[in-house]
Amino acid sequence: MITVRYFAGARAAAGVSEERLPAGQDLTQLVKELSAAHGHALGRVLLSASFLVDGLAWHDRRAPIPSGATVDVLPPFAGG
């Protein structure tokens with residue numbers, strides 16, 4: 001399992017602050033799954049969001065997310 005935590009606008013779009021999902025996917029797959037599960041509003045946020053995996057910026061969308069990891073979804077914010 002992995003834990004996905006949503007912050008700011010991502011939390012509002014997802015309607016939850018966090019959720020647990022099965023492990024074994026990469027970030028591209030995770031974004032597709034989250035968009036399908038939570039709808040268009042979250043899908044738009046995910047297009048421009050940054051992702052941290054266990055506190056580290058995760059730039060390789062094809063790298064598998066390790067089991068037990070925490071994925072933070074950080075939407076862009078004004079002034080940042």
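With which side chain does the side chain of Glu 19 make a polar contact? The partner is the side chain of His 38, at 2.8 Å; a polar contact is a pair of N or O atoms within 3.5 Å, where, within protein, one must be able to donate a hydrogen and the other to accept it, and residues adjacent in sequence count only if both atoms are side-chain atoms. This is a predicted model, in which local features need pLDDT of at least 70 and side-chain atom pairs count only at pLDDT 80 or more, while totals for chains, interfaces and linings use all residues. Residues are numbered from 1 along each chain as its sequence is written, and side-chain values use heavy atoms, with hydrogens and water left out.

**The sheet**

- Five strands make up an open sheet with mixed pairing, in the order β2-β1-β5-β3-β4. Strands (E, at least two residues) and helices (H or I, at least four) are DSSP runs, numbered from the N terminus, and two strands pair if DSSP finds at least two bridges between them.
- The edges are formed by β2 (18-21) and β4 (56-57), each of which pairs on one side only.
- Strands β1 and β2 run antiparallel and are joined by four bridges; Ile 2 has Leu 21 in β2 as its bridge partner.
- The pairing of β1 (residues 2-6) with β5 (residues 70-74) is parallel, over four bridges, and Val 4 stands opposite Val 71 in β5.
- Antiparallel pairing over four bridges connects β3 and β5, with Ser 50 opposite Leu 74.
- Strand β3 (residues 50-53) also pairs with β4, in the antiparallel sense over two bridges; here Val 53 has Leu 56 as its bridge partner.

**Glu 19 and strand β2**

- Strand β2 has a covered face, with Glu 19 and Leu 21, and an uncovered face, with Glu 18 and Arg 20.
- Glu 19 is buried but has no salt bridge, and the nearest side chain of opposite charge, Arg 20, is 10 Å away. Buried means under 20% relative accessible area, exposed means over 50%, and partly exposed lies in between (1.4 Å probe, protein chains only). Lys and Arg count as positive and Asp and Glu as negative, whereas His and the chain ends are not counted.
- Leaving aside residues up to four places away in sequence, Glu 19 touches Ile 2, Thr 3, Val 4, Tyr 6, Leu 34 and His 38; contact means heavy atoms within 4.5 Å.

**Helix α3**

- In α3 (residues 40-48), the buried residues are Leu 42, Gly 43, Val 45 and Leu 46. They lie on the same side of α3 because they cover an arc of only 165° around the axis, the arc being that of the directions from the helix axis to the C-beta atoms.
- These buried residues pack against β1, α1 (9-14), α2 (27-38), β3 and β5.
- His 40 and Leu 47 are exposed, on the face of α3 turned away from its buried side.

**Salt bridges**

- The whole structure contains two salt bridges, each defined as a side-chain nitrogen of Lys or Arg within 4 Å of a carboxyl oxygen of Asp or Glu.
- One joins Asp 72 and Arg 5, whose closest N and O atoms are 2.6 Å apart. This pair links strand β5 to strand β1, across 67 residues of the chain. Asp 72 is buried, at 7% relative accessible area, and Arg 5 is partly exposed, at 31%.
- Another joins Asp 26 and Arg 62 (3.8 Å, N to O). Asp 26 lies in the loop between β2 and α2 and Arg 62 in the loop between β4 and β5, so the pair ties together parts 36 residues apart in sequence. Asp 26 is buried, at 8%, while Arg 62 is exposed, at 60%.
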